[in-house]
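Let's take a walk through this model together, moving from one local feature to the next. Keep the structure open beside you as you read.

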Amino acid sequence: MTTLEEMRANVAAIRARMEAAAHSAGRRPQEILLCAASKTQDADTVRLSAQLDIDLFGENRVQELVQKCAAGAYLAKPLHFIGHLQTNKVRQVVGAAAMIESVGSHHLLAEVEKCAARAGVCQDILIEVNIGQEAAKSGVAPAELDAILEAAAVMAHVHVRGLMAVPPVRDNDADNRRDLAAMRALFDKARDRRIERVDMQWLSMGMSGDFENAIREGANIVRIGTAIYGARSYPAR
């Protein structure tokens, strides 16, 4: 388990790198949120890290989200769901997460709307875009983005707040930045369309290996796990 002091040093180093990347792009560091991707971390570790300069938490797994919420692990900081979400688990996430970042299909969007209506809430979401069009990843294809935004716009219980992406792992910065820049272009185009009830406020992209590039290309949420908590330890199957 990574200690509090180790996490404190890690977060300070990440913040310094975020600030430098923002300044290099002529941006204000204050406009960029640090999301701690706390997948596989236990509630005690997450609770310790919540004392630090972290803006919000992101969970990839519904069971972990439910357990850590029950344990009060996030110390009232916002919680986003950032992983692949199965439709049969949507009801456990709606209302529990301040934002569902990974809405990447019409089917999932409809299920979030249905569950939010039943719960009597309006669920903030991001539309996940499969910017690399990788078969193994979820998310709408770039060409399908307009259609899903228009579908969401007429739903009473979801509120689109922006876009999210997990770009392909690339061998060099130039290719990585090309993917990130393509996401920013989609974000700008969607914002410029001014679709009613679709607010392009958040662009969530960038992880431990590429968050500086993401900031340079316009991200205002970066999702960082390993650089905060250290290498993940997965239980044996």
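**A guided look at the model**

R194 counts as exposed, at 73% relative accessibility; here buried means under 20% relative accessible area, exposed means over 50%, and partly exposed lies in between (1.4 Å probe, protein chains only). You will find R194 in the loop between α7 (173-193) and β7 (198-204), where helices (H or I, at least four residues) and strands (E, at least two) are DSSP runs, numbered from the N terminus. Its phi is near 55 degrees, a positive value in a residue other than glycine.

Before going further, a word on the ground rules: this is a predicted model, in which local features need pLDDT of at least 70 and side-chain atom pairs count only at pLDDT 80 or more, while totals for chains, interfaces and linings use all residues. Residues are numbered from 1 along each chain as its sequence is written, and side-chain values use heavy atoms, with hydrogens and water left out.

Another positive phi, about 75 degrees, belongs to T40, which is not a glycine either. T40 sits in the loop between β1 (33-37) and α2 (43-49), and with 22% relative accessibility it counts as partly exposed. For context, most residues other than glycine have a negative phi.

Strand β6 (residues 158-164) pairs with β7 in the parallel sense over 4 bridges; two strands pair if DSSP finds at least two bridges between them. Look for V160, whose bridge partner in β7 is V198. Together, β6, α7 and β7 make a right-handed β-α-β unit, right-handed meaning that, with the strands pointing away from the viewer, the path from the first strand over the helix to the second runs clockwise.

A right-handed β-α-β unit is also made by β4, helix α5 (residues 106-119) and β5. Strand β4 (residues 99-103) is mostly covered, with 5 of its 5 residues buried. β4 runs parallel to β3, joined by 2 bridges, and F81 stands opposite I100 in β4. β4 also pairs in the parallel sense with strand β5 (residues 123-128), over 3 bridges; there V103 stands opposite I127.

Now for the aromatic rings. How many aromatic pairs does a search of the whole structure find? There is 1, where rings of Phe, Tyr and Trp (its six-membered ring) pair if their centres lie within 6.5 Å, and planes under 30 degrees apart count as stacked, over 60 as edge-to-face and the rest as tilted. The ring centres of F57 and Y74 are 5.4 Å apart and the planes meet at 50 degrees, so the pair is tilted. Because F57 lies in strand β2 (residues 56-59) and Y74 in the loop between α3 (62-70) and β3 (79-81), the pair ties together parts that are 17 residues apart in sequence. F57 is buried at 0% relative accessibility, and Y74 is buried too, with a relative accessible area of 5%.

One last stop is I148, found in helix α6 (residues 145-153). I148 counts as buried, at 0% relative accessibility. Its C-alpha atom is separated by 8.3 Å from that of L109, 39 residues apart along the chain.
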